[in-house]
Amino acid sequence: MAARSAGATPAAVIAVTALAPVSWGTTYAVTSEFLPPDRPLLTALLRALPAGLLLLAATRVLPRGLWWAKAAVLGALNIGAFFPLLFVAAYRLPGGMAAVVGSAGPLFVVGLFLPLLGRRPAVRTLLTGLAAACGVSLVVLKGAGALDPVGVLAALASTAAMAAGTVLTERWGRPAGVGPLALTGWQLTAGGLLIAPLALLVEGAPPALDAPAVGGYLYLALANTAVAYWLWFRGIGRLTATQAGFLGPLSPLTAAVVGWAALGQALTPVQTAGMALAFGATTAGQLGGGRGPFTGRNRRRPGDHAPTPPEMPTHRGPVSVK
């Protein structure tokens, strides 16, 4: 892969890669309108495992040696823990609080890189990340009602799991000759296999599914996960870590727009201002894409594996619904 230069990333690459977090932003509407209620583990399982098996069949590449253990650890953090915890938080928290915690994911990563790998965060990236999180907060928070403690802890744990997976991914990279699509398939499969027994023990046998639920699960597994993650990992090979990281706020922003356009949810002037702030931070992240999210010796090299994306699959969504 040819080395990228500052400011040389085509806008088309950014636009196509952005389709991934935009797709993840539709998860709220699909889950709330088509899927059975109170089944976060089943939803996480049916989203991860079919997509992982599909990618394994497509790539026909399996881990070797220590990568069996590494793929299991990454799958447990990025998928097996992240998906269920985030769905639990989304089911229990009002007003999309899970989205707010998720939007602060890059800041969690900074906190882990500093003590573990000795990398200094760039001040501009920290400020831009805070602006994005603030903008998302204005969009999704309603400010009414008490927050469920279990939901808050689940949201924090899901973000911490993703941050830890990101740190380990940066530390381990990818095995030689293995592309991002195969590595994604390993993680989705490992995470799905971890979720399966937990879903059966906690939630019992799956309920009878009607046609809309089947269609919703197919959408989550295929378009929302397999295709979206393929677009993501295909694109981030040509993006800096900063550019990739700051595409994340597009997910909760998309959820808000879909809620307004398709579900009749109103957007207040404060929420509109928050969308503008978050989108401005996302744009600033693309314009500052010549460097990664940290200064000094951690600038991404060609072939480095970029951080796993922050995501916001919400059930109750950025705007509360009855």
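R60 lies in the loop between α3 and α4 (67-92), where helices are DSSP runs of H or I with at least four residues, numbered from the N terminus. Please keep in mind that this is a predicted model, in which local features need pLDDT of at least 70, side-chain atom pairs count only at pLDDT 80 or more, and totals for chains, interfaces and linings use all residues. Residues are numbered from 1 along each chain as its sequence is written, and side-chain values use heavy atoms, with hydrogens and water left out.

The phi of R60 is near 55°, a positive value in a residue other than glycine, and R60 is exposed, at 76% relative accessible area; exposed means over 50%, buried under 20%, and partly exposed in between, with a 1.4 Å probe and protein chains only. Most residues other than glycine have a negative phi. D38, in the loop between α2 (27-34) and α3 (40-59), also has a phi near 55°.

Turning to the rings, those of Phe, Tyr and Trp (its six-membered ring) pair if their centres lie within 6.5 Å, and planes under 30 degrees apart count as stacked, over 60 as edge-to-face and the rest as tilted. The count comes to four aromatic pairs. In one of them, the centres of W67 and W186 are 6.2 Å apart and the planes stand at 50°, so the pair is tilted. This pair links helix α4, which holds W67, with helix α9 (residues 180-203), which holds W186, 119 residues apart. W67 is buried at 10% relative accessibility, and W186 is buried at 5%.

Definitions and conventions:
Helix = DSSP H or I, 4+ residues; strand = E, 2+ residues; numbered from the N terminus.
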